[in-house]
Each structure stands twice: as C-alpha cells, then as structure tokens.
Amino acid sequence: MSFDWQGAWQALVQHPLFAFGITLGAYQLAVAAYEKTRWVFLQPVLVSMLLVIGVLLLCGVDYAAYRDGARILTVFLGPATVALAVPLFLNLKRIRLLFWPVVATLLVGGLFTTLLGIGLAWLFGTERLMLMTLAPKSVTSPIAMLVSEQIGGVAGLAAVFVLITGILGAVFGPALLRRCGVRHPAALGIALGLTSHAVGTSRALQEGEECGAFAALGMSLMGVCTAILLPLSVAMVV
Amino acid sequence: MLLRGLTWLVLFQLLGTAIQALCLPMLPGPIIGLLLLFVYLVWRGEVSAPVQEAATTLLRYLPLLLVPPAVGLMAYVDAIAADFWAIAGALLLSLLVSLAFVGWLMQRLIERQARREEEA
C-alpha cells in the first residue's frame with residue numbers, strides 16, 4: 001500500500017492552526033535568539049517575520065491564506081491597544097511634575113517628526129499610497145496600522161516601516177542624543193519613546209527606570225495624539 | 001483574574017467600535033476604547049488588579065501579535081523595491097533628525113522649568 005504524501009501535506013498546510021503554529025514557533029525562536037545575544041538588530045518581530053516569510057515561501061502558502069489563519073492573533077491587537085491606557089495612567093504622576101515640558105515637546109516634536117517624515121518622502125518622490133503609509137511611522141504598531149488604513153495607506157506595510165524606524169532609533173538613538181548634549185533621563189526617554197515607540201522604549205529601559213518611564217509616556221502620548229490628529233488633518237487637507 | 005480583565009478590555013474596544021460607527025468614523029475603534037478606558041481609570045483613581053494583569057499580559061505579547069501584520073511585507077515587496085531608496089532615505093533621515101531635535105527640545109524645556117522654579 002502507498003501513503004498519500006501529497007494529501008497529508010495539503011491537510012497540514014491548509015489546517016486553520018498552521019499559520020498560528022508557525023507564528024508561535026518562529027516567535028519563540030526569535031525571542032530565544034535575542035535573549036542569548038542581546039544584539040539590537042535581532043528584534044524579535046523582525047526575526048520572526050523573516051522566519052515566517054521563509055516558511056511560507058518554502059511551503060508555497062500565499063500571504064492571503066496566512067493572514068486568514070493568523071486572524072486568531074491579530075484580533076487581539078484591538079484589546080492590546082486599549083490596554084495602553086494602563087501604563088499611561090500609571091505614569092500620570094510623572095507627567096504632572098514635568099507637565100509643560102512634556103506637552104510642549106509632544107506637540108512641537110511630534111508635529112515635527114511626522115511632517116519631516118512625510119516631507120522627506122514627498123521630496124524623494126514617493127507616491128501617495130506610500131506617503132499615507134509612512135506618515136504614522138513613529139507610532140506604536142497597532143495604532144500605526146489602524147491609522148494608516150484610516151488615511152488610505154497599507155496597514156501591513158505601515159507595521160514594517162514602524163518596525164524599521166524603531167530598530168534604527170534603538171540602535172543609533174542613545175549615542176546620537178549624548179553627542180547632541182542631551183543628558184537628562186527624561187529628555188532621553190521622551191526622545192526615544194516619541195520617535196521610536198516600543199522598540200525605543202525597551203532600549204530606554206536599559207538606560208534606567210526614569211528614562212524608561214518617560215519613553216513609555218512619549219510613546220503612548222504620541223500614539224494617542226497621532227491617532228486622533230492625523231486622520232482628522234488628512235480628512236481636512238484632502 | 002486574567003479573563004475578567006480581558007473582558008473589560010474587549011468591552012472597551014467594542015464600545016469604541018460602536019462609537020466609531022455611530023459618530024466618529026475618522027478615529028479607529030480601539031483608540032476610542034483606549035481613551036474611554038483612560039478616562040475611566042482617572043475617574044476611578046486606580047487600576048483594578050484584573051485589568052492591570054490583563055493589560056500587562058497583552059502588552060508583553062504585543063511583539064507576537066505584530067508578527068502577522070509584519071509578514072504582510074511579503075505582499076508589498078514590489079511596491080517597496082520600486083521606491084526603495086526614497087523610502088529608506090526618508091525613514092533614516094527623518095528619524096535621526098527628529099530624534100536629536102526632540103531630545104534637545106525636552107532638555108531645554110526641563111532646564112528652563114528648573115531655572116524658573118529656582119527664581120520663584
């Protein structure tokens with residue numbers, strides 16, 4: 001008797017849990033690699049993404065099929081975004097002490113960051129779809145994906161740009177800021193959190209607790225402000 | 001505990017989605033949920049243990065949740081390749097400049113506030 005290898009393979013690849021399984025597996029491998037080496041370029045999201053893409057290409061599964069299977073995970077991005085209210089609330093006391101510096105930096109710096117990103121991309125001649133995808137690049141991914149979709153960009157691609165931005169910030173940020181004479185832990189933290197969101201925040205935590213708290217603050221404030229103001233201003237301008 | 005907190009988070013997200021559909025189409029539902037939860041926490045003055053546990057757990061696994069959207073890259077390889085240098089340049093330059101600017105600005109403002117408090 002002969003086994004139906006082809007059929008078994010199809011059953012495996014088409015199972016609803018296939019996408020979930022390879023994502024979980026890739027993520028744990030990536031986290032283990034990062035914890036062993038502590039190398040900033042080995043960001044777990046980046047490494048798992050490459051692993052999953054590799055497996056999908058090898059198995060001949062296209063992205064649409066993977067996306068349907070991985071919906072079990074992505075559906076939790078909504079509640080995770082809501083959960084950001086908790087660290088924001090817990091940092092409320094620190095915000096009060098440095099209230100005006102934080103608010104002014106958030107408004108001026110956040111606007112500057114977003115405009116500079118869009119402006120440079122426009123100057124370099126990227127098209128509209130790409131501009132709308134690049135616009136929320138300094139915001140934590142769940143918000144960036146929602147916002148870019150809202151203003152006519154590509155959610156998946158926005159997550160990629162967000163990730164690249166975060167890794168660049170974590171790699172170059174602290175050294176660059178010190179060279180510019182930025183010494184106060186709150187200033188270091190805000191700069192990292194505001195421009196490089198979660199990846200920058202985890203880098204800031206290595207610099208110290210105060211630095212990390214302000215990074216989390218910068219990240220959540222920048223996220224909320226972008227989520228509210230960017231779709232509104234795009235709706236008004238276009 | 002975890003389930004109870006998760007129920008709250010999902011409830012706030014659903015409430016946000018309903019409000020979005022009703023009257024705020026330009027804001028994503030989860031963001032409205034975030035704002036509602038934040039207002040609720042400020043009003044209560046504390047975070048209940050189940051909500052804190054669920055939030056901490058979800059945020060710890062945030063990178064995992066972000067993997068499927070990131071895999072979306074494979075669907076846009078052509079779009080990125082077409083504009084590669086423009087995109088790479090815009091990302092890197094704008095990040096480095098705004099990082100330095102934001103840090104410098106915050107440092108200045110903190111120093112100014114400290115000076116004012118000394119004078120007062």
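Reader: At roughly what angle do the axes of helix H11 and helix H14 of chain A cross, and within what distance do they come?

Author: In this predicted model, the axes of helix H11 (residues 141–150) and helix H14 (residues 209–237) of chain A come within 10 Å and cross at roughly 0°. Local features here need pLDDT of at least 70, and side-chain atom pairs count only at pLDDT 80 or more, while totals for chains, interfaces and linings use all residues. Residues are numbered from 1 along each chain as its sequence is written, and chains are lettered from A and ligands numbered from 1 in the order in which they are written. The axes are lines fitted to C-alpha atoms, for helices over the stretch in contact, and angles run from 0 to 180 degrees between N-to-C directions. Helices (H or I, at least four residues) and strands (E, at least two) are DSSP runs, numbered from the N terminus.

Reader: Why are H11(A) and H14(A) called roughly parallel?

Author: Angles under 35 degrees count as roughly parallel, over 145 as roughly antiparallel, 65 to 115 as roughly perpendicular and the rest as oblique. The crossing angle of the two helices is roughly 0°, and H11(A) and H14(A) are therefore roughly parallel to each other.

Reader: Which residues in H11(A) and H14(A) meet?

Author: From H11(A), A:Ile143, A:Val147 and A:Gln150 meet A:Gly223, A:Thr226, A:Ala227, A:Leu230 and A:Pro231 of H14(A), where a contact requires C-beta atoms, placed from the backbone, within 7 Å. By class, this contact has five nonpolar, three polar and no charged residues; Ala, Val, Leu, Ile, Met, Phe, Trp, Tyr, Cys and Pro count as nonpolar, Asp, Glu, Lys and Arg as charged, and the others, Gly among them, as polar.

Reader: What makes B:Pro28 buried?

Author: A residue is buried if 20 or more other C-beta atoms, placed from the backbone, lie within 10 Å of its own, exposed if 12 or fewer, and partly exposed in between. B:Pro28 has 24 such atoms and is therefore buried. Its place is in the loop between helix H1 (2–22) and helix H2 (29–44) of chain B, and, not counting residues up to four places away in sequence, B:Pro28 touches A:Leu146, A:Val147, A:Gln150 and A:Ala227.

Reader: Why does B:Leu35 count as buried?

Author: B:Leu35, found in helix H2 of chain B, has 20 C-beta neighbours inside 10 Å and so counts as buried. B:Leu35 and B:Leu91 are 56 residues apart in sequence and 29 Å apart in space, C-alpha to C-alpha.

Reader: How many residues does the contact take from chain B and from chain A?

Author: The contact takes 64 residues from chain B and 88 residues from chain A. On the side of chain B that touches chain A, H6(B) gives the most, with 24 residues, and the residues of that side divide into 52 nonpolar, 11 polar and one charged.

Reader: What does the secondary structure of chain A come to?

Author: Chain A comes to 14 helices and zero strands, and buried residues make up 52% of its 238 residues. Its C-alpha atoms fill a box of roughly 80 × 45 × 35 Å, taken along the principal axes.

Key: Contact = placed C-beta atoms within 7 Å.
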